[in-house]
Amino acid sequence: MLYALPSCAAAFVFGYLCGSIPFGVLLTRLAGGPDLRSVGSGNIGATNVLRTGRKGLAAVTLIGDMLKGTVAVLVARYGLGHDVAIVAAVGAFLGHLFPVWLRFRGGKGVATYIGVLLGIAWPAAIASCLAWLAIAAATRYSSLAALIASAAAPAFLWWRGEVAEAKVFLLLSLLLWIMHRGNIARLVSGTEGKIGARPSRASAS
């Protein structure tokens, strides 16, 4: 298996560089807005872009953060195979969480998680999105919906018999939960902001 190490390393680096593209920061700057890291929660994702009042820009950020993961996976898959594509998926997800361009302070990974999942196993991505929609509609907590949707993804993969993929996405889900530890604390205390409510700086999502 030593012959595969260069391919895996290349896939990981390629995925990481794709994932580390900070679409939220770049798009808000290009649109003449403030540094996204100084707005709301300071997060670089679409939710915080929405706090600038630019819904269209937030939507483009969401799509960009998803597609950078999907593109990284698909390029690796068609060039090097499915197993190596999983390595690219891990790289892309870590790139979003810890982008080198922003001193390794990135986003919480929800959109990029869905993006890499879409590239690896699109039925699981659809199931995860449906879980997010159901929980968000029932509770109006975006963070809770993301947490449950990310827990559902590896379970769905395992149910489909994609054991290796399930194990990898279980790891990614654990990282996503760690990045949402502040949200978890606020959900427990009852202070987490709901969808549509005016957010405070403390209620990062």
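A word you'll need throughout: a residue is buried if its relative accessible area is under 20%, exposed if over 50%, and partly exposed in between, using a 1.4 Å probe and protein chains only. What you have open is a predicted model, where local features need pLDDT of at least 70, side-chain atom pairs count only at pLDDT 80 or more, and totals for chains, interfaces and linings use all residues. Residues are numbered from 1 along each chain as its sequence is written, and side-chain values use heavy atoms, with hydrogens and water left out.

**Stop 1: the whole chain**

Switch to a cartoon view. You'll see 10 helices and zero strands; helices (H or I, at least four residues) and strands (E, at least two) are DSSP runs, numbered from the N terminus. The radius of gyration is 17 Å, close to the 17 Å that the globule rule gives for 205 residues, so the chain is as compact as a globular protein of that length. That radius is taken over C-alpha atoms, and the rule is 2.2 Å times the number of residues to the power 0.38. The C-alpha atoms fill a box of roughly 50 × 40 × 25 Å along the principal axes. Of the 205 residues, 42% are buried.

**Stop 2: the loop between H5 and H6**

Select Arg103 and Phe104. Arg103 lies in the loop between H5 and H6, and Phe104 is found in that loop too. Arg103 is exposed, at 75% relative accessible area, while Phe104 counts as partly exposed at 48%. Now look at the backbone. Most residues other than glycine have a negative phi. Here, phi of Arg103 is near 55°, a positive value, and phi of Phe104 is near 65°, again positive.

**Stop 3: a cluster of rings**

How many aromatic pairs does the structure hold? There are three. Rings of Phe, Tyr and Trp (its six-membered ring) pair if their centres lie within 6.5 Å; planes under 30 degrees apart count as stacked, over 60 as edge-to-face and the rest as tilted. Select Phe93 and Tyr113: their ring centres are 6.0 Å apart and their planes are at 75°, so this pair is edge-to-face. Phe93 lies in helix H5 (residues 82–97) and Tyr113 in helix H6 (residues 110–120), so the pair ties together parts that are 20 residues apart in sequence. Phe93 is buried, with a relative accessible area of 0%, and Tyr113 is buried at 2%.

Together, ring pairs link Phe93, Tyr113 and Phe169 into a cluster.

**Stop 4**

Click on Thr112, which sits in helix H6. Thr112 counts as buried at 0% relative accessibility. Contact means heavy atoms within 4.5 Å, and leaving aside neighbours within four places in sequence, Thr112 is in contact with residues including Asp65, Lys68 and Phe93.

**Stop 4: salt bridges**

Stay with Asp65 and Lys68, whose side chains meet in a salt bridge (3.3 Å, N to O). The term means a side-chain nitrogen of Lys or Arg within 4 Å of a carboxyl oxygen of Asp or Glu. Both partners lie in helix H4, three residues apart, about one turn of the helix, and both Asp65 and Lys68 are buried. The structure holds three salt bridges. Another joins Glu162 to Arg160, with the closest N and O atoms 2.8 Å apart, and one more joins Glu192 to Arg186 at 2.9 Å.

**Stop 5**

Finish at Glu165 in helix H9 (residues 163–179).
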